[in-house]
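The exercises below are meant to be worked with the sequence and the model side by side. Try each task before reading its solution.

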Amino acid sequence: MSSDFESYEQDFAVLTADITGRIGKVPKLLGDEKKQMVANVEKQLEEARELLEQMELEVREIPPQSRGMYSSRMRSYKQEMGKLEADFKRSRIAYSDEVRNELLGDDGNSSENQRAHLLDNTERLERSSRRLEAGYQIAVETAARDRLGFLTRFIDCTAQTSSSCHEGLSSPICHGVLFRDHK
């Protein structure tokens, strides 16, 4: 049984080496060639997963006293598989960025265009901010003027009421207002 495991190990080593080489090529290829390479790597990763499953089945068949050594090797292979999948994912993201740039027509001048666009938007934002601040200042002044007008009318009304009460001290309401004002 361990000979089957060792045979799977050799197959896994060859396959992972091939996958690693292909993953490194993915970001450098263009168009259909790149799509084909991505599809091939996906197939090979699936084969590697199947090999790991076969190896795991073989480890279960190994006697318990020898199983520890094979189990630690399996953990190592699973970690390697996880690393390969992560590397492939990163290479596909790079692939996606290149495709996006091709579709959008981004080139070396795009950073200059983006910078100019950013400066235009910044200037527009500053102008809008200044207009908002001016509008806020007008609103504050208007509110203050309205309050001042209200207070002026209130003071005039209070003065008229007070003078009316002074003239007619005989009224109990006026008498109460005057005493409350003096306390």
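**Exercise 1. How many salt bridges does the count come to, by the rule that a side-chain nitrogen of Lys or Arg lies within 4 Å of a carboxyl oxygen of Asp or Glu?**

Before starting, note that this is a predicted model, in which local features need pLDDT of at least 70 and side-chain atom pairs count only at pLDDT 80 or more, while totals for chains, interfaces and linings use all residues. Residues are numbered from 1 along each chain as its sequence is written, and side-chain values use heavy atoms, with hydrogens and water left out.

Solution. By this rule the count comes to eight salt bridges. Side chains of opposite charge can pair when their charged atoms come close.

**Exercise 2. Describe the salt bridges of Glu 56 with Arg 60 and of Asp 87 with Lys 83, and state where each pair lies.**

Solution. Begin with Glu 56 and Arg 60, whose side chains meet at 3.8 Å, N to O; both residues lie in helix H2, four residues apart, which is about one turn of the helix. For accessibility, buried means under 20% relative accessible area, exposed over 50%, and partly exposed in between, with a 1.4 Å probe and protein chains only. Glu 56 counts as partly exposed because its relative accessibility is 27%, whereas Arg 60, at 54%, counts as exposed.

Next take Asp 87 and Lys 83, whose closest N and O atoms are 3.1 Å apart. Both lie in helix H3, again four residues apart, about one turn of the helix, and Lys 83 is exposed, with a relative accessible area of 53%. Finally, salt bridges that share partners join Glu 46, Arg 49 and Glu 85 into one network.

**Exercise 3. Find how many aromatic pairs there are, and characterise the one formed by Phe 5 and Tyr 70.**

Solution. Rings of Phe, Tyr and Trp (its six-membered ring) pair if their centres lie within 6.5 Å; planes under 30 degrees apart count as stacked, over 60 as edge-to-face and the rest as tilted. The count by this rule is two aromatic pairs. Phe 5 and Tyr 70 form an edge-to-face pair, with 4.9 Å from centre to centre and 80° between the planes. This pair links distant parts of the chain, since Phe 5 is in helix H1 (residues 2-25) and Tyr 70 in helix H3 (residues 64-104), 65 residues apart. As for cover, Phe 5 is buried, with a relative accessible area of 0%, and Tyr 70 is likewise buried, at 7%.

**Exercise 4. Is Leu 84 buried or exposed, and how far is Leu 84 from Ile 19 in sequence and in space?**

Solution. Leu 84 lies in helix H3 and is buried, because its relative accessible area is 5%. Leu 84 and Ile 19 are 65 residues apart in sequence, yet 7.7 Å apart in space from C-alpha to C-alpha.

How values were computed: Helix = DSSP H or I, 4+ residues; strand = E, 2+ residues; numbered from the N terminus.
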